[in-house]
Amino acid sequence: MARQERPIDPGAGPLQRFAWELRKARVEAGNPTYRALARTAGYSASTLSEAAAGIRQPSLDVVLAYVGACGGDTADWRERWLELDAELHDPGLQTTAHSTQHDVGSDRTLPLPQTGSTAPMESAASATEDPPHPVPAGRRGRRAVRAAMLGVLLIVLGTAGVVIVRYLAPASRATSAADADCPAMPPLAAFTGRTYGSGVHVRTGASRDDPIVFTIPPNCKVGFTGYCIGEPIYDATAQTPDVRWLRLPGGGVVASALVHGNPPTNLAPGRCRDALPQPESIALQVTADPRMPDTLLLRATGRFVHITGFTAFYPINPASPGRRRWQQITLTGEAAPDFLVRWRLGPVRNQPTPTEQFLVAAVACLGGEGPTDVLDVLAVHADGTSSTLPTRLHAGQRATAERSACLYPTAN
């Protein structure tokens with residue numbers, strides 16, 4: 001039988017509280033052994049165990065490896081570690097031991113989840129957000145200061161077991177009644193967007209079947225901590241599909257299709273409740289359409305692909321056949337079961353010779369201006385025949401093709 005860890009009191013101080021939360025992250029991950037975590041984390045089992053012992057401050061690299069092996073949100077834990085470091089090296093941020101012994105509004109010490117017990121219900125952003133159960137009163141570092149400045153509204157969905165923290169703009173900063181209902185901008189937002197239309201529903205997960213927690217009014221500038229992949233929603237402005245769901249700092253997600261503003265292309269999707277897998281592969285086939293002259297059938301199939309963009313590399317105009325660029329064909333989310341597009345070859349007829357090949361690519365997109373690196377490309381003749389040799393692009397061409405395929409159609 002594995003040796004039980006030494007009990008730890010999260011109210012004893014910031015270091016013990018941090019270690020308690022690390023242990024909780026492991027419990028929520030299914031309570032793997034430290035040996036099992038070590039195989040993924042790249043650190044020894046003893047190093048990982050020591051990080052959660054609450055005796056000394058672990059290094060940031062060890063914490064991120066520990067959390068990553070548990071499937072947690074490393075960006076969130078980086079911030080937690082920085083707050084711990086500030087508390088440990090700035091006595092003014094720490095509270096007395098007496099004030100950190102008990103749970104808020106009670107006389108009991110918070111228990112650590114035990115091995116084999118049922119894991120707590122996930123928060124609105126699954127394991128990537130703060131835990132949906134009481135936080136020790138000693139956790140009064142910069143997060144608590146921010147909460148006091150912004151005001152915190154806890155919205156509890158009893159049936160779903162979900163707690164979401166909504167950060168409201170303070171009345172002293174509101175310039176209008178509408179501004180007072182907008183979420184306050186988080187200090188460490190990864191990107192921002194602006195709501196429009198009739199407002200945006202905040203849901204507990206990345207699906208329209210997930211409960212609505214509250215609604216953000218239109219014309220609010222909102223800060224997001226990341227995003228995940230979820231149910232495709234059609235963009236009300238561009239009329240294109242989008243699978244990105246944007247994560248709020250207090251929990252909950254909103255459909256990117258209902259917000260002006262996209263995540264940076266270099267930001268990878270994270271986890272949230274009811275998230276879908278990331279695209280893994282895509283394959284392109286090109287044939288002549290037997291029913292329509294000068295038309296090609298572009299057919300793409302893929303694993304975990306919900307949106308496909310098609311693009312081709314051909315001359316910009318007949319007068320300059322040597323000047324070519326990637327030009328989008330279309331962006332579509334309709335797959336039944338394949339993504340099938342009919343493409344009229346008017347522009348491509350400007351090739352210098354009828355036998356010359358041009359390139360066609362299919363890219364897995366997350367939405368408008370949401371390219372991925374999942375791509376397939378073929379060298380094709382105007383009669384629909386394609387080369388039997390594999391076509392490879394250098395890194396610059398590949399990136400340009402991916403961006404072109406996933407443009408909003410109105411951006412052409």
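Which residue does a disulfide join to Cys182? I looked it up in the model, which is predicted. The partner is Cys220, with an S to S distance of 1.8 Å. I then asked where the two ends sit. Cys182 lies in the loop between α7 (177-180) and β3 (191-195). Cys220 lies in the loop between β5 (212-216) and β6 (221-224). They are 38 residues apart, so I noted a link between distant parts of the chain, by the rule that numbers helices and strands as DSSP runs. The torsion about the S-S bond is -75 degrees, and the link of Cys182 and Cys220 is left-handed. I checked burial too: Cys182 and Cys220 are both buried.

**Entry: the other disulfides**

How many disulfides does the count come to? I got 3 disulfides.

Next I took Cys228, which a disulfide joins to Cys272 at an S to S distance of 1.9 Å. Cys228 is in strand β7 (residues 226-234). Cys272 is in the loop between β10 (259-260) and β11 (281-288). The pair is 44 residues apart and links distant parts of the chain. Is this disulfide left-handed or right-handed? The torsion about the S-S bond of Cys228 and Cys272 is about 65 degrees, so I wrote down right-handed. Both Cys228 and Cys272 are buried.

Then I went to Cys365 and Cys406. Their sulfur atoms are 1.9 Å apart, and they form a disulfide. I found Cys365 in strand β16 (residues 358-365). Cys406 is in the segment after α8 (395-405). Here the separation is 41 residues, again between distant parts of the chain. The S-S torsion of Cys365 and Cys406 is about -80 degrees, so the disulfide is left-handed. Why do I count these two cysteines as buried? The cut-off is under 20% relative accessible area. Cys365 has 2% relative accessibility, so it counts as buried. Cys406 has 0%, so it counts as buried as well.

I also noted the pattern along the chain. Counting bonded cysteines, the disulfides run 1-2, 3-4, 5-6.

I looked up Cys70. Its relative accessible area is 12%, so it is buried.

I moved on to helix α5 (residues 74-89). What caps the N-terminal end of α5? I found Asp73 there, with a side-chain oxygen 3.1 Å from the backbone nitrogen of Ala75. I listed the buried residues of α5 as Asp76, Trp77, Glu79, Arg80, Trp81, Glu83, Leu84 and Glu87.

**Entry: helix α8**

The buried residues of α8 are Ala401, Glu402, Ser404 and Ala405. They cover an arc of only 165 degrees around the axis, so they lie on the same side of α8. What covers these residues? The cover includes β13 (308-315), β14 (324-332), β16 and β17 (371-380).

I went back to β7, the strand of Cys228. I found 7 of its 9 residues buried, so β7 is largely enclosed by the rest of the structure. Strand β8 (residues 241-247) runs antiparallel to β7, with 6 bridges joining the two. The hairpin of β7 and β8 has 6 residues between the strands. In that hairpin Gln239 takes a positive phi near 60 degrees.

What is the strand order in the open sheet of 3 strands? I read β6-β3-β10, with antiparallel pairing. β6 and β10 are the edge strands, each pairing on one side only. β3 and β6 pair over 4 bridges in the antiparallel sense. One partner I checked was that of Thr192, which is Gly223 in β6.

**Entry: whole chain**

The protein chain has 8 helices and 17 strands. Of its 412 residues, 46% are buried. I then took contacts between residues at least 6 apart in sequence, and 63% of them join residues at least 24 apart.

Technical notes: Residues numbered from 1 in each chain as written. Predicted model: local features only at pLDDT ≥ 70, side-chain atom pairs only at ≥ 80, totals over all residues. Heavy atoms only, no water. Disulfide = S-S within 2.5 Å. Buried < 20%, exposed > 50% of the residue type's maximum accessible area, 1.4 Å probe, protein only. Polar contact = N/O pair within 3.5 Å; in protein donor to acceptor, adjacent residues only side chain to side chain. Pairing = 2+ DSSP bridges. Arc of directions from axis to C-beta. Contact = heavy atoms within 4.5 Å.
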